[in-house]
Amino acid sequence: MNTLHRSEKSQARPVRKGLHPRNLHNQGYDFPALVKSHPALATHVKPNAHGNLSIDFADPLAVKTLNAALLNRYYDIVDWDIPEGALCPPIPGRADYIHYMADLLELGPGCEHPSIKLLDIGTGANGIYPLLACQLYGWQCVGSDINSQSLENVATILTNNPTLKDRFTLRTQHDKNHIFEGIIQAGEFFDVSVCNPPFHASLDEALKGSQLKLNNLARSRGEQKAKTKSPTLNFGGEGAELWCKGGEQLFLKKLIRESQVYATQCRWFSSLVSKADNVKPAKKLIRKLGAVDSREIEMKQGNKITRILAWTFM
C-alpha cells in the first residue's frame, strides 16, 4: 500500500473540487515533481492560457505520459504503457472509484486489507482499477477482458512490476454474451466487482462524443471549437472499450441480470454509470431482481459529475 506522497501536497495549488478525501490528487497536479519522477513528461508541460503549468489534454500522448508519471510517483508503478488507440483513463477519477469501494466495504482508512478480493469487468489494456486497488489497499484482484491483446499488455505491465504479480490475476472472457460466467469460478468469492461499461451504442456515436470533449477542451483554452477537420478518438478506446450494441443502458441491464446468478459469490456488484438517464431503469431492475441494498454514489472532479451504482443480494 502506498501512502508515501500525501505529505508532498502543495497548498499553493488549487484543490480539486469534490475528489474523495483520501484521493492523493486532491491538490491538483504538481508538474515539476511529476517531471522529476518521469522526465518524459517534460516535453508536454507548458504554461496554459492562465499561466499555470499544464499539458494539452486533447493530445493522447501527453495524457498517456501524464498517467505514467502519476502512476510512477504516487503508486510506485513503473513502465505503465498502453497501445496506441487504447482507452486512457483519468487517474484521479479511477482512484476515486476504488476509495468509494473501500468505504462501501466499511474498511478502516489507511489500513492494508490483503484478504479483500476485487473483480474488474473489462479491465482493458490499462488494468487501472486493479493496479490502484493493489497499491492503495493491498487487495487481491482479478481483471477480465474479452480482448486477449489488452490482457497481454496488462501482463507486460505486471512483468515490469513483479511485486504485483501475486496480487493481480488476468482472465479471458471467451464468450461475448456473458460477463461473469466463465470468469467467476466455482466456490470463488469476491468482496466487490467494478466496471467501466462501454458508453456508446456505435462507433459513430463514440466519434461524436470524442469531438464534443475536444470542443469543450478548446473552449476552456479560450477557443471556439477544436481545430480538427474530422472527429477522432483522441481519448482512446477500441471496440468494446467504448461502444457495444445497445450502448451503456443495455450493457448495464445485462450486467445486473447476470449478477443475480452470482448473488452468493460477490458481496457488492458495482458499475460506473456515465449517463444520468440510465440510473433510474438500472435501479428499478436491481430492485426487481431482489437485491437487498443498492447505492448511488456521486463522484465529482471539477465540473464533471459521474456516478457509481452498487448493489448487493447479501
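Contact here means heavy atoms within 4.5 Å. This is a predicted model, in which local features need pLDDT of at least 70 and side-chain atom pairs count only at pLDDT 80 or more, while totals for chains, interfaces and linings use all residues. Residues are numbered from 1 along each chain as its sequence is written, and side-chain values use heavy atoms, with hydrogens and water left out. Helices (H or I, at least four residues) and strands (E, at least two) are DSSP runs, numbered from the N terminus.

**Helix H4**
- Among the buried residues of H4 are Ile 128, Tyr 129, Cys 134 and Tyr 137.

**Gln 135**
- Gln 135 belongs to helix H4 and is buried, its relative accessible area being 7%.
- A polar atom of the Gln 135 side chain lies 2.7 Å from the backbone oxygen of Tyr 75.

**Asn 196**
- The loop between strand S6 (190-195) and helix H6 (203-220) holds Asn 196, which is buried at a relative accessible area of 13%.
- Beyond its neighbours within four places in sequence, Asn 196 is in contact with Leu 87, Arg 94, Ile 121, Tyr 129 and Leu 272.
- Leu 272 is 76 residues from Asn 196 in sequence, yet the two are 5.3 Å apart in space, C-alpha to C-alpha.

Note on methods: Buried < 20%, exposed > 50% of the residue type's maximum accessible area, 1.4 Å probe, protein only. Polar contact = N/O pair within 3.5 Å; in protein donor to acceptor, adjacent residues only side chain to side chain.
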